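Hello,

Here is the structure I promised to pass on to you. My notes on what turned up in it follow below, so please have the model open while you read.

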Amino acid sequence: MADPQLMIDGDLAVAFGLSRMTGIKTDGTKVDTWSRRTIVLRRIAGSGKIIHEHASFPMAMDGSGRAVTDLLP
C-alpha cells in the first residue's frame, strides 16, 4: 500500500490507501493497476490479525458499469 493512512483505537486499527498490483498473467499479458484498499486489524492475544479486507476500482462515469483499471495516483 502506497502511503497508507492509519487509524487506531484500542484493539482495532484501520489502514487504507492506494495499492499497486503488478505481474504477468498466464497468457503473458502484463498487469499494472492501482486500486483502493482498506484493511481492518484487531489485536488478538497481543498480535494484529486482519479481520477484514476490501479492495475496489473506481467505476467509469459513462453509464457502462465497468471498472476503470488504468488510472494512476
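Asp11 is partly exposed, with a relative accessible area of 45%; here buried means under 20%, exposed over 50%, and partly exposed in between (1.4 Å probe, protein chains only). Asp11 forms a salt bridge with Arg43, and the closest N and O atoms are 3.0 Å apart. By salt bridge I mean a side-chain nitrogen of Lys or Arg within 4 Å of a carboxyl oxygen of Asp or Glu. Asp11 lies in the loop between strand E1 (2-9) and strand E2 (12-24), while Arg43 belongs to strand E3 (residues 30-44), so the pair ties together parts that are 32 residues apart in sequence. Arg43 is partly exposed too, at 46% relative accessible area.

Before going further, please keep in mind that this is a predicted model: local features need pLDDT of at least 70, side-chain atom pairs count only at pLDDT 80 or more, and totals for chains, interfaces and linings use all residues. Residues are numbered from 1 along each chain as its sequence is written, and side-chain values use heavy atoms, with hydrogens and water left out. The strand names come from DSSP runs numbered from the N terminus (helices, H or I, need at least four residues; strands, E, at least two).

How many salt bridges are there by the rule above? The count comes to 3. Besides the one already described, Arg20 forms a salt bridge with Asp32, with the closest N and O atoms 2.6 Å apart. This pair links distant parts of the chain, since Arg20 sits in strand E2 and Asp32 in strand E3, 12 residues apart. Arg20 is partly exposed at 48% relative accessibility, and Asp32 is partly exposed at 41%.

The side chains of Arg37 and Glu53 also meet in a salt bridge (2.9 Å, N to O). Here, too, distant parts of the chain are linked: Arg37 is in strand E3 and Glu53 in strand E4, 16 residues apart. Arg37 is partly exposed with a relative accessible area of 22%, and Glu53 is partly exposed with 44%.

Now for the sheet. Strands of a sheet pair through backbone hydrogen bonds, either parallel or antiparallel. In this model an open sheet of 4 strands has the order E1-E2-E3-E4, with antiparallel pairing; two strands count as paired if DSSP finds at least two bridges between them. E1 and E4 stand at the edges, each with a single partner strand, so one side of each is left without a neighbour in the sheet. From one strand to the next, the twist averages 30 degrees (axes are lines fitted to C-alpha atoms, for helices over the stretch in contact, and angles run from 0 to 180 degrees between N-to-C directions).

E1 and E2 run antiparallel and are joined by 6 bridges. Leu6 stands opposite Ala15 in E2. The hairpin of E1 and E2 has 2 residues between the strands, and Gly10 there takes a positive phi near 65 degrees. E1 is hardly covered: among its 8 residues, the count of buried ones is 0. Asp3 is exposed, at 62% relative accessible area.

At the other end of the sheet order, 9 bridges join E3 to the antiparallel E4. Thr38 stands opposite His54 in E4, and the bridge partner of Arg36 in E4 is Ser56. E3 and E4 form a hairpin with 2 residues between them, and Ala45 in the turn has a positive phi of about 55 degrees, although Ala45 is not a glycine. Ala45 counts as exposed, at 83% relative accessibility.

Leaving aside neighbours within four places in sequence, Ser35 is in contact (heavy atoms within 4.5 Å) with Gly17, Leu18, Ser19, Ala55, Ser56 and Phe57.

Finally, there is a nonpolar patch on the surface, formed by Leu12, Ile44 and Ile51, with about 260 Å² of accessible area together. Patches are made of residues with over 30% relative accessible area and no salt bridge, with like charges joined within 9 Å and nonpolar side chains (Val, Leu, Ile, Met, Phe, Trp, Tyr) within 5 Å; the areas come from the Shrake-Rupley method with a 1.4 Å probe, and for residues only the protein chains shown count as cover. Ile51 is found in strand E4 (residues 47-56) and is partly exposed, with a relative accessible area of 46%.

Best wishes
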